[in-house]
Amino acid sequence: MALFLGLDSSTQSLSALVVDTDAGRVVLDRSLNYGQALPEFHAPHGFLENADPAVKHSDPLMWVEALERLLADIRASGFDLGSIAGVSGAGQQHGSVYLRSPLGKATFATDRPLREQLRPLLSRATSPIWMDSSTGEDCSAIAAAVGGDAAVTRISGSRATPRFTGPQIRKFARSEPAAYAATQEIHLVSSFIAGVLAGTSAPIDFGDGAGMNLLELAALGWSEPLLAATAPGLAAKLRAPVASTTRVGSIAPYFVERYGFRAGTPVIAFTGDNPSSLVGMGAALPGTAVVSLGTSDTVFAAMRQPKTDPGGFGHVFGNPAGGFMCLICFANGSLAREAVAERTKLDWPAFERAILAETKPGNDGNLMLPYFVPEITPRIARPEVRLFGSPEFVAWRAPAHAARAIVEAQALAMRRHSAWIGETPRTLLATGGASKNRGILKVLADVFQAEVRTLAVANSSALGGALRAAQAVEGRPFAELFAPFCAPGPERIAPDPSVVPVYEALAARYAAEAEKLSF
Ligand code: ADP
Ligand code: XUL
């Protein structure tokens with residue numbers, strides 16, 4: 001029996017998944033929702049309230065406490081963590097953690113919770129996360145310093161992007177210079193959690209590192225001009241980035257003592273949640289596009305050649321299986337669907353029925369611009385929801401049409417902003433919390449004119465972590481691991497070709513209206 005643990009420290013929850021690679025089975029799949037399980041952190045959706053809608057921070061100690069609670073739950077359920085042969089995982093991308101002394105220098109007493117022992121190490125009490133859009137000024141300054149947006153894109157694979165770590169570091173350095181100067185180590189969520197587990201200063205991997213506007217893709221090292229444009233002395237605060245297959249250390253004695261891990265259990269570099277999902281969906285080889293419907297909605301695929309988005313929205317990240325991947329991210333994903341569901345008093349089954357049985361493609365001309373929070377793609381700074389169509393719909397008195405409207409708008413945005421990838425997918429693999437919803441999957445199939453399929457395991461990012469640990473420790477090729485764990489389920493959601501003209505017309509209307517709001 002060879003068991004590997006994958007963790008996913010995500011926006012709203014932490015997941016743990018264990019695979020048995022000999023049996024080809026998932027033997028444990030458990031999650032802990034921060035809002036529900038850790039109300040004392042005042043983050044019902046994983047981030048802290050802020051008067052400024054552009055500022056989105058989380059308490060990094062909440063992620064650590066979640067790790068302890070989930071491991072305690074797993075142990076209490078009778079699962080023997082001593083049987084785990086390797087650990088890897090993922091974190092929400094771009095978020096950053098600031099430490100006044102390196103994690104590698106800390107030793108943790110086993111009689112006190114980690115959150116208490118880590119608190120004095122933080123040089124910044126909260127972590128900006130991917131939903132933060134407060135660094136416009138820093139993006140402009142970074143771009144200006146290196147020769148414009150095209151130059152930043154050429155080096156790092158993305159234009160200077162507000163949620164990316166470099167602009168976030170720049171904002172911290174200029175607004176809190178003393179705290180920045182006191183910072184010795186900066187981590188991504190992924191390298192922070194890996195470092196806590198291994199009791200070491202875990203390096204950032206190429207997959208997640210590419211989401212910082214700091215990594216030079218061609219050289220796979222930190223870019224001198226971008227470091228210089230970002231903040232003084234930054235190179236000394238970052239460890240050299242590594243391949244995602246790197247063993248960063250062994251599980252720390254704290255976790256051996258408290259949770260029963262076997263001493264010496266390898267910890268493999270963590271990566272971003274999307275790169276990890278690419279592996280967990282079995283899509284690490286080019287040819288398959290993935291739509292991930294989590295807190296954010298993302299569209300991503302492995303890339304034959306690194307290629308950048310001329311529109312300036314898409315990104316190039318490292319593919320943990322080697323090479324690169326492209327990704328487009330939409331901030332108004334699940335939380336926007338939830339806002340509509342709440343406002344129309346539809347629960348998820350009713351929301352699904354509304355789309356599948358009570359409305360039809362094109363939504364009788366009713367269209368919604370669903371920007372409940374500032375949007376990343378297209379860039380919309382001031383959140384705004386606009387409804388166009390019948391008086392009933394515009395007055396929010398047509399619940400079924402509202403459900404279809406938000407999903408059609410989201411699918412049309414995904415299609416429009418992923419066209420630059422250049423390969424029209426014939427199959428879309430769907431994952432994330434909302435991929436359970438057949439209504440959403442059907443709209444995606446019709447809008448993209450592609451067959452939509454899902455995998456048996458919905459937690460693709462945690463699964464990717466477990467498979468990456470297995471690959472690194474056992475040396476099994478990914479292709480061999482994908483066969484038992486990542487085969488799509490039997491269900492095929494087929495597109496209806498007769499709706500093509502309907503969506504061509506709606507796509508044009510959506511683009512024209514979205515254009516008026518974006519900048
Ligand atoms: P993350 O990994 O970003 O924390 P998940 O992938 O776990 O997020 O997805 C969580 C989201 O899934 C919730 O915010 C919820 O809105 C959504 N969700 C769960 N079940 C359904 C459903 N049946 N239909 C639509 N959305 C759903
Ligand atoms: C990707 C992005 C989000 C986060 C949270 O660029 O910002 O998808 O990784 O899931």
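Why does ligand 2 lie between domain 1 (3-274) and domain 2 (282-454 + 489-519)?

Mentor: Because both domains give residues to the shell around ligand 2; the bounds come from an automatic or database domain assignment. Bear in mind this is a predicted model, where local features need pLDDT of at least 70 and side-chain atom pairs pLDDT 80 or more, while totals for chains, interfaces and linings use all residues. Residues are numbered from 1 along each chain as written, chains are lettered from A and ligands numbered from 1 in written order, and side-chain values use heavy atoms, without hydrogens or water.

Now the shell itself (a heavy atom within 4 Å of the ligand). Around ligand 2 you'll find Thr11, Gln93, His94, Trp130, Arg163, Asp273, Asn274, Ser296, Thr298, Phe317, Leu327 and Cys329. By type, that shell splits into four nonpolar, six polar and two charged residues. Helix H12 (273-280) gives at least two of the shell residues, and so does strand E17 (324-330); these are DSSP runs of at least four residues for helices and at least two for strands.

Aspartate 273 puts a polar side-chain atom 2.5 Å from a ligand 2 oxygen, histidine 94 has one at 2.7 Å, and asparagine 274 has one at 3.0 Å. As for cover, ligand 2 exposes 290 Å² when taken alone, and the protein buries 97% of that (Shrake-Rupley areas, 1.4 Å probe).

How values were computed. A polar contact is a pair of N or O atoms within 3.5 Å; within protein, one must be able to donate a hydrogen and the other to accept it, and residues adjacent in sequence count only if both atoms are side-chain atoms. Ala, Val, Leu, Ile, Met, Phe, Trp, Tyr, Cys and Pro count as nonpolar, Asp, Glu, Lys and Arg as charged, and the others, Gly among them, as polar.
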